[in-house]
Amino acid sequence: MKAAVNTRYGSPDVIQIREVPKPTLRRGEVLIKVHATTVSRTDCGQLRAHPFFIRLITGLVRPRRTILGTDFSGEIEAVGEGVVSFTPGDRVFGLTPGGYGGHAEYLSLPEDGPIAAMPSGLGFDDVVVGEGAWYADTYLQAFGLGPGHNILIYGASGAIGAAAVQLAKYYGAEVTAVVAAPHVGLARSLGADRVIDFTAEDFTKIGDKFDFVMDAVGKTTFFRCRKVMKPEGVFAAADLGPHNQNVLLLLWAAVTRSKRIIFPLPKARKGFVEFLRERLEAGEFRAVIDRKYPLEGIVEAYRYVETGKKTGIVVIQLTPNDGTTQG
Ligand SMILES: NC(=O)c1ccc[n+]([C@@H]2O[C@H](COP(=O)([O-])OP(=O)(O)OC[C@H]3O[C@@H](n4cnc5c(N)ncnc54)[C@H](OP(=O)(O)O)[C@@H]3O)[C@@H](O)[C@H]2O)c1
């Protein structure tokens, strides 16, 4: 099968499209013919081993696992002994085991892993939204977001931010989204009750106070956000923040046992993919697709995602007839 392989860390130039063996099917596993995947910011971090300490997990000198890709959608090609929930031909989607393996024509994973039947009425490209949604949901759940809460989502136009707006509305919160001018319409269309264009207005001076402030792009700071947090308000960031300052913030929060700062780590759960299927099927969550590339264009896709300018997700299409790049 064809796969995008990186046998060393580095820029997108280290990726090669190669023929590699198809995954072998073990008991309890399903083999999936992948139709769509994404290039995510998680993939970009793994590719460059950034931040450096992730090498302790991913491999000190070179990557232990050489096919990236966090999301997948496709069709069950074969099932291993003992599999009861899926049969060949089923259309499925989900998150890849450990965040690896999506950038390949075939992928195997346990049937009780983070995989679910495709939501009806949607195409393969419309459902590879797991990575952003999963991070967003982890933060919203860790806070315990629900009706009556007032949340501010900074950077609501990326994969995590766009997902956070939609899920926060699903949980019944009042949502204020902070984005640059070109994304104001998008944030409104995702359900935000109020949208602040940070290029025209300072969000720390809007007068409202929030129960939860989520920096979905890691571009603002706790100290700025504190100005709009209620006295018991909580802050979360999806990244290390300017000058990696959230590392110190995390240490400070741990030492002081502060409940005002949370950095929860997501875990792949089958239940989450099933939850996401329900939201997609009910029209409560939709993919925001920026660009689509064929597998052969994956290096270009990485270069684009690395700019930090994508809106929502960047899809990689592995089925042969869909291979155009769209702006
Ligand atoms: N904890 C983890 O393991 C983990 C996993 C995944 C992602 N992350 C991190 O989480 C962050 C978000 O990921 P993502 O995939 O959602 O990002 P993304 O899709 O790449 O975010 C891009 C979006 O952010 C907006 N943006 C860029 N700079 C901004 C700023 N200064 N203020 C407000 N908005 C800004 C961009 O808008 P413009 O086009 O207007 O610039 C664009 O719409 C990334 O930093 C990523 O590295 C962390």
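The model is predicted, so local features need pLDDT of at least 70 and side-chain atom pairs count only at pLDDT 80 or more, while totals for chains, interfaces and linings use all residues. Residues are numbered from 1 along each chain as its sequence is written, and side-chain values use heavy atoms, with hydrogens and water left out.

**Helix 1 and helix 9**

- Helix 1 (residues 41-48) packs against helix 9 (residues 298-306) at about 100°, with the axes 10 Å apart; helices are DSSP runs of H or I with at least four residues, strands are E runs of at least two, and both are numbered from the N terminus.
- Axes are lines fitted to C-alpha atoms, for helices over the stretch in contact, and angles run from 0 to 180 degrees between N-to-C directions.
- The angle makes helix 1 roughly perpendicular to helix 9 (65 to 115 degrees; under 35 is roughly parallel, over 145 roughly antiparallel and the rest oblique).
- Arg41, Asp43, Cys44, Leu47 and Arg48 of helix 1 meet Tyr302, Val305 and Glu306 of helix 9, contact being heavy atoms within 4.5 Å.
- By class, this contact has four nonpolar, no polar and four charged residues (nonpolar: Ala, Val, Leu, Ile, Met, Phe, Trp, Tyr, Cys and Pro; charged: Asp, Glu, Lys and Arg; polar: the others, Gly among them).
- Asp43, Cys44, Gly45, Gln46 and Leu47 of helix 1 are buried (under 20% relative accessible area; exposed is over 50% and partly exposed in between, with a 1.4 Å probe and protein chains only).
- The cover over these buried residues includes strand 3 (29-38), helix 2 (55-58) and helix 9.

**Helix 3 and helix 8**

- Helix 3 (residues 130-143) and helix 8 (residues 270-281) pack at about 105°, with their axes 11 Å apart.
- Helix 3 is therefore roughly perpendicular to helix 8.
- Gly130, Ala133, Trp134 and Asp137 of helix 3 contact Phe272, Phe275 and Leu276 of helix 8.

**Nonpolar cores**

- The largest nonpolar core has 54 residues, and Leu140, Leu145, Ile151, Ile153, Phe212 and Met214 have the most contacts inside it; such a core is a set of buried Ala, Val, Leu, Ile, Met, Phe, Trp, Tyr and Cys residues joined through side-chain atoms within 4.5 Å.
- Helix 4 (residues 159-170) gives the most to this core, with eight residues.
- Domain 1 (2-128 + 287-322) and domain 2 (132-262) both give residues to this core, so it lies between them; the bounds come from an automatic or database domain assignment.
- Another core, of 30 residues, lies apart from this one and includes Val14, Ile32, Cys44 and Ile298.
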